[in-house]
Every structure is written in structure tokens, then in C-alpha cells.
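Hi there,

Here is the structure I promised to pass on. Have a look at it first, and my notes follow below.

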Amino acid sequence: MASGYVVATFLEAAGLVGLVIAVLKMRTERRAKAVELRSFLRSGLIPAADIVGARRLTEGASRAVAVPFTPGRGSGSPAHPSAARSALERAIVRGGPAPRTIPTNAISAG
């Protein structure tokens, strides 16, 4: 009977040692990720997307990105108004009363 207690104590100790090792490993990995993220954020480099035609940023590249604007392109209105758009405009213009809320009873799961 005493040997059973010894084996159980040994297994409990092994489990606790395993938990301590796992916690230390997770903590070390979390710190390494934080250091890596901190260095990446401080570098200011933006990773380039792997898209055809995308240009990669080099270390000497500018950080400011300018969006090209050409006046006269796109009038802002659709070429052919759709039925959905006209229905939405009618619903917004009408602006009827707010929908009534229906009182409900609480449902018990137990």
C-alpha cells in the first residue's frame, strides 16, 4: 500500500514539474514575441503585399504614402440607377415612425 502512495507522489511531482516547465516556456515565447514586435514597430517598415505589380519597400524608401488624386474622374453618381438604390432612397426619405418594440418574456434555460 505504501508503494502506491510513493508512485502517486512521484507522478504528482512529475506533473507539477511539467506544468512549471510549460509555464516558463510560454513566458519565454511571449517575451520573445514582444521583443520582435517592438523592434518591428520601431523600424517603421511596412511589409509589402505579395501582389503582382506591388513594389517592395526598401530600407531607404520613404515612409509617407501619397494617394494620387485626379479631378474629374468619377462623378460620384452611378451610371444606371438600380431598383435597390431607388428603394433605399425612398425608405430614407420617407423616414416613417420608429418600429414598435414588442415586449417579450424572459426564457429560462433551466
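Helices here are DSSP runs of H or I with at least four residues, and strands are runs of E with at least two, numbered from the N terminus. By the way, this is a predicted model, so local features need pLDDT of at least 70 and side-chain atom pairs 80 or more, while totals for chains, interfaces and linings use all residues. Residues are numbered from 1 along each chain as its sequence is written, and side-chain values use heavy atoms, without hydrogens and water.

The protein chain has two helices and zero strands.

F10 sits in α1, which covers residues 2-43. Is F10 buried (under 20% relative accessible area), partly exposed (in between) or exposed (over 50%), with a 1.4 Å probe and protein chains only? F10 is exposed, at 60%.

Cheers
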